[in-house]
Structure formats: C-alpha cells, structure tokens
Amino acid sequence: MIAEIGLFALLLALLFAFMLVIVPTLGIIFNKEDWQASVKIYVPLQFFFVALAYLALTVCFLTDDFTVSYVLMNSSKSLPLFYKICAVWGGHEGSMLLWVFILTLWMFAVNLFSKNLFFPLKIRVLIVLGLLSIGFILFIIITSNPYSRQFEILQTVGRDLNPLLQDPGFLFHPPMLYMGYVGFSVAFSFAIAALWLGRVESSWAKWTRPWTLAAWCFLTAGITLGSWWAYRELGWGGWWFWDPVENASFMPWIVGTALIHSLAVAEKREQFIAWTLLLAITAFSLSLVGTFLVRSGVLTSVHAFAVDPERGLYILIFLLVVIGGSLGLFALRAKSVVRVKNLNLISREAALLLNNVFLMVIMLTILMGTVYPLIIDGLGLGKLSVGAPYFNAVFIPLMIPLLILMGFGVQLNWQRDGFKRLYSVLGLVGLLSLFIPALLEIIITKSFNLNVYLGLVLAFWVLLSTLKTLLIRLKISGFMGISLAYLGMVIAHLGLSLTVIGITLSSGYGIESDVKMSPGEHIFFAGFDIRFVSESSLTGANYHGNRAHFMISSNGYEKSIFPEKRIYNVGNIPMTESAIDVSLFRDIYVALGEPINDDSWSVRFYYKPFVRFIWGGGFFIFFGGFLALVDSRYYLKGRKKNKLTFKAKI
Amino acid sequence: MKVLALRLMPLFLFIILIGFFWYSLSLDPKKLPSAKLGKPLPNFVLPVLGNPNLKLSQNDLNGKISILNVWASWCSSCVDEQIFLLHLARIGVTIYGLNYKDNQDDAINWLSSWGNPYKLIGSDLDGKVAIDLGVYGAPETFLIDKFGTIRFRYAGVLTSKIWQQEFMPRINEMEHNL
C-alpha cells in the first residue's frame, strides 16, 4: 500500500510538473499575468508530492517491505536503522528519486527566495526547471521504478546494502554531491531564461551568483567527503582514483569554479556575459553527461549501479534535447562567445579570463580522458582504459600555470594595473615562496625532492600572495571594510594552497609497507614502533569477523587502534575496515589484509604526512564559498535596487 | 560568419560526443558471440547439488527445450535475476542450473534464501564444464533446443525484456519448425 502511495504521489508530481510548464508558457504566449503567476502554486505542490513519494520509499525500507524489489535488493532485516534510512539512495532507482527530490527542493527554494526577482525572468527560470523535472520523473517512471513489487521471493532476510556503503560517509556524501550537481540546474535555468528573454542585465549576474555559489559549495563538500570516505573505506590509502564517476563530479566542479569567477566579471564589469551563459549551460550539461556515463553502463566504474542500456538510451535522448537545445539556443541568441571591451592585459579581468581558459582546458582534458575509451572503441580501434597515469600527466602540468596565475590574479586591480606595482607588491612574496619550501624541506627531511619542492613553491606562492592581499586590504579599509565575499575568496584560495600542500607532501613523502605479522610481533615503521598486540573475533549487527589491536608508540606517545576484517553475513562479502591514527600533520593507516595462516596476517601500513591538509583545504574552499554566499550584498539593499533598474528597463 | 562558427562550436563538439555515446550504447558487451552457438552441448557428467549420488549429464537436457543457467553463491548479480528465474519456473520453463566454482554448503544456503527455480543443478566445482561451454562469467544463460543444441547464449543478468526480445522469438521458432 505504502509503495503504491509513493508511485501515485510521483505521478501527481509529474502532473504538476506538466502544469508548471504548460500554464505559465501559455500565459506568456497569450499575455495573461495570472496564468504566469500560477507557478507559485505548482512549485510547492510538486515539491510536496515528490517529498511524499520519497517518504513512502523510506517507509518501505523502515518496515522491511521486501515485496518491493528495490528494498529487497538494498536492505536486510539486520541492517541497522541508520543505514536503512540511507539505503534509500543505495541503488540506482532510489538515488534517482533523491535526485528528483533535490531538484524540486531547489525549485522550491528559487520560488521562495525570488520574490523580488524580475518577474518574467523568474517564471522562465521555473518553467525551465519544471521541464528538467519532467525529464527526470519520466525517467524514473519509465525505466527505474523503485516501487515495483515482486512476489517470488517471500521468505527472505533481504539482500543487504552493499557493505562498501555501510559507513557514516554514506549519510552525507551522496546528498551533498547531488545538491551540488543538481544545484547547477538553477544557474543553467537562469542562463536559458536570459537567452529566452533575449537580454541580460548586470543584475542577472547578481541574481545568479548566490545560486551558483550555493551549488558549488555543496559540490565542493560532496567531493571532499567522497574523497575522505574513499580513503577510509577502500582500504588502500588512496583518496582520488580518477574513476569515471569521480571525474563526472569533478568536471562540473571545475566549470562551476570557472563560472563563479566569470560571474564576478559579469557582475562587476558587465563583461564576458555570453561566455558566462555558456559556462552556466556547460556546468549543468556536464552533470547530465556524468549521469549518462554512470547510469548507462558504457563505462565501468567502482560506483557502478545496475546497468541497463535502455536507461542509457533514455538519458542520451534527454541529453540531446536539453543540452543540444540549450547550445542551439545559445548559438541563435548570443551575440558573441567572448566579447571583451578594452581588455587590458594586466588587469583582473584578463587574469580571470585566463583562469577560465585554463579551467576549461583542464575540464576538456579530463573529459577527453574519461570518454577516450568510448571513442577508441567507437572507431573500432580496440578496447582500453585510461587510468591515473594519464590524468596525473595532463592535470598536474595544467595546474602549474593556473596556480602561478592565481598568485598574480588576487593582487590585480580591475581595468588596469601595472608591472611596477605588481613587482613592488609581489617581489618579496615570490622570493619567500622560493626560499621557504627549500629551507623547510632541507631542515625537516634532510633531503631534497624536486617534485615536492615545486609543489610547495606553488602552494606558498598562492598562500603568501593571498595573505598579502588581505594585509593590503586591511591596511586600506580596516577590519570593518572587509566584506564577507572578499574574506570568502581569501579563505577559499588559502584552502586550495593547503590542498596542494597536502597532495604534494603525502605523495612525495608517504611510505607504505606490506608485512606479515602475528600477535605479539612489532615493527619499526616511519619512526614509530608498531606492535600487533592481539586479535579477537568480532560480531556486529550484520557481519562477523576479526578485530586486531595495534599499539603505535614513539617517544612517550602511545595510541591504540583497531583495524577490522569484516565478513558481511548476507552475501559473505569481506570488507577491510582500516584503522587510522589521525593527527594534523600525519596519518598512520593500518589495514588488515588476508589471514596467512592460523595466527598471522598480511598487514598493510601507510604513513601519510599532511594528508589531512587535502580535505582540510577542501573544507576551507567550501567555507570560503559559504562566506561569500551569506554576504548580505546579494540580499538586502542590492535586491531592491535591482528591481528598480529592471523596472526602468521595461 | 566567423562569429557564428564560434557560437556553433560548443553545439558541434557536443553533437560529436553524442555520436560516440550513441554508438557505444549499441556496443552491448553482453551479446558475446559464442563459438558454441549451433553446436551440441559438450559431454559432461556432474554430481547433482544436494544429492551427489545423482548425476546430471548433457543427455538429461535432450527431448525438451530448456535453459541452462550458470550461477554461484558468490556471484552478487545472480540474485538480481533470481526473481525472474523463479517466475519462469512457475510458468513452466525448464531450467537447469550449473553451479559454477562454488562451495556446496554456500550454494545450498544461497538457494534457501533466494529460492530454487532449477529442475536439477550440476555442481561444477572446478569449472571444467563451464570452460567447455565457453562461460564468460556468472550469471550466464544458454538456450538449449530439444536435440541438446545450444541455440543462444546471454551473458549477464536475465531480465523479462531480454527474455521477450531474445529468447521468446527463438523458442517460438523452434516450436513452429517442429
């Protein structure tokens, strides 16, 4: 009964999505103000019914209703309650429902917070979002119904949630990521609405910026959490794999980053408008392309869901309509792709344009690497896969000029700046960022690794230059003169330099070792004495296995950690639960491999200096975006003024 | 003109990308050609799962159209097709199982939790018969005609749609011809 209510609610939501598109569009054609205004009824109604549909599926999970195939395949009687709630998005069907839920949540928010938005723009934005939601709800109903029932297997405890997903990270990572992914649909709709209206005012950028920032913040947090989770859960100490699904989230992030920067130029200088529209379309298009790559099964990946070519075909047609239509509209309506008025080579505009060019090139090389196997296969040249070596080889060289540019960019003034001023501001910063890393490296490690040195030079260049610009700003306008948006920029840029430090040091000075050990033995590893104290058997709610006790000690420091080897009862799936001794400047990571004989195990140790900086930097970037988002200039005074300027133009 | 070309550039790139996506969707890795198609089943004698005194051989599959399904308890996607196999068994399709490189106890436990659609299951513990059949991985399903000839093979999770599209026309044809 509950599942049928869910399906019915989803059908009603589809109905209201159609109303949301048709009624206001007719209102625009026949010039009926009240038909247009009906969006404010349909948006909340649609949101309500999607939420009800989502709730119904959750109830099916909580009541262990295994006649619902999706519940049977993704839950079990012994699954802890916490995971039953998250298991709703543990498979393809439910995660698409989460996707739709989040899309309607964004629509609800746009409807709620855009009271002062220029009305013709607002209804067009909501109509475009409504169209997108129709596509996704139809996709669920036609190809991926999570409510379908089966009556063949009744005596069952359920298949259980994939053990890899049974981790607290699973609660946050997918919803955060989807908030980001789907959130770019708002910027996309603003761009399409502007093209539909046929004009863009400067306040368009002001209105689009907070929505873009919000989506970008969520995506940043989602990717950071995903990386941290992979590190903990996959059991071999890696934090980024260049897996197609990771790339699918990273590409929209890169374009989103470019978009935030170009929106700044569009808002402040009324330049790059068409380019910004193109970026807004591209960011969301890449989210859709990512969905296609992941859900159609054309690429294999560790994130693979149940694969079905028909789903792939549906998404492909959807891609063709949405992205093809948008790019076609863009080609028709945009006057030029990049129109630059009196661009001075040494100015913030130029630096931001260059930033955009680098980011787009980076995105294209990642896209190229991700779809390269498809292209080679399509041309009949064989089957291959593209892995981390390619991505590292192209990504790192492209990041170098971008980071160098970043150090200059934060210092540059709008419109026109000069070499002389730059030199006087940055000369010392440049020297220090060449010397400090060399000194640190030689003093602390008593060795010299050129790659590490180069990475640190770049990180310090960004770090010091960003701090310098903050100091200059403080000197000129005082503490109160610093806007939250500016502070956000500073923190996000510092965050990037922290991430670069983390990546550089953990990959340059990380140590790993595979050892055969039995209880009572100890080894010396990376300056620590690590003792395998004992081993005991372990029983959890839906798993059993072994739990080992390791004692890490060094100069009076002592820490016990407990890596586990779990076997999940349903499906007999073994999982490695690594244990990590965490500190700000280094991680010691212990993972149990396989038991070798009665009392000894293969044990893997990692020493990862500064690895926490990678995610710490990610959090800084997120927090910087968040500060910029809450900056009041997007809300109070600014908005009223926008309304007036818009009115003046009608 | 130059400006128009530049504006059409993103659309153009996108269309090329879509072309490759379209093509790769049609490259279905599951439709593997099998060298065994149209050939008789290889000779085998396997102990029956749960009752090792009984034997299952290729001759048992003669005389009636049947399907041979390769599965194992360690194969996680085998559960995905179990609901459909149970349905097939209930509507009267004869299904033989080939338990592939499995542990007897695990296999029996697996059947008790996921249901048993099979008429008989051969225990192919070392996977030799699977090699003779050219098995690519579990799950995999073979369509066998009444002379014991392999008429079709599908690698991957069997679904109602695959059944309707690939198996039913062949079964109808076989029944029509004879």
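Residues are numbered from 1 along each chain as its sequence is written, while chains are lettered from A and ligands numbered from 1 in the order in which they are written. Because the model is predicted, local features need pLDDT of at least 70 and side-chain atom pairs count only at pLDDT 80 or more, whereas totals for chains, interfaces and linings use all residues.

**Confidence**

The model has an ipTM of 0.80 and a pTM of 0.90. In pLDDT, the predictor's confidence in each residue on a scale from 0 to 100, chain A averages 89, with 95% of its residues at 70 or above. Chain B averages 86, and 93% of its residues score at least 70. Residues 637–650 of chain A stay under 50 in pLDDT, and the model has 13 contacts for them beyond four places in sequence. Where pLDDT is low, the predicted coordinates should not be read in detail.

**Contact between the chains**

Two residues are in contact if their C-beta atoms, placed from the backbone, lie within 7 Å. On this basis, 34 residues of chain A and 28 residues of chain B form the contact. Elements are DSSP runs numbered from the N terminus: helices (H or I) have at least four residues and strands (E) at least two. On the side of chain A that touches chain B, two or more residues come from each of α11 (273–296), α12 (309–333) and α13 (348–378) of chain A. The most are given by α12(A), with 12 residues. By class, this side of chain A holds 20 nonpolar, 11 polar and three charged residues. Here Ala, Val, Leu, Ile, Met, Phe, Trp, Tyr, Cys and Pro count as nonpolar, Asp, Glu, Lys and Arg as charged, and the others, Gly among them, as polar.

**Helices of chain A**

Helix α13(A) also packs against helix α14 (residues 388–409) of chain A: their axes come within 10 Å and cross at roughly 170°. Axes are lines fitted to C-alpha atoms, for helices over the stretch in contact, and angles run from 0 to 180 degrees between N-to-C directions. The two helices, α13(A) and α14(A), are therefore roughly antiparallel, a term for angles over 145 degrees. Among the residues that make this contact are Phe358(A) and Ile362(A) of α13(A), and Phe391(A) and Leu398(A) of α14(A). The contact of α13(A) with α14(A) has 16 nonpolar, four polar and one charged residues.

Helix α16 (residues 450–477) of chain A has 28 residues, which at 1.5 Å a residue should span 40 Å; its end C-alpha atoms are 40 Å apart, in agreement. The expected span is 1.5 Å times one less than the number of residues. Just after α16(A), Gly478(A) has a positive phi of about 75°.

**Strands**

In chain A, four strands form an open antiparallel sheet in the order β1-β10-β9-β8. The twist averages 15° from one strand to the next. Strands pair if DSSP finds at least two bridges between them.

| Antiparallel pair | Bridges | Opposite residues |
|---|---|---|
| β1(A) and β10(A) (residues 601–609) | seven bridges | Val515(A) and Val603(A) |
| β8(A) and β9(A) (residues 586–595) | four bridges | Asp581(A) and Ile588(A) |
| β6(B) (residues 140–144) and β7(B) (residues 150–155) | five bridges | Glu140(B) and Ala155(B) |

Three residues lie between β8(A) and β9(A) in their hairpin. The hairpin of β6(B) and β7(B) has five residues between its strands, and Gly148(B) in the turn has a positive phi of about 80°.

Notes. Parallel < 35°, antiparallel > 145°, perpendicular 65-115°, else oblique.
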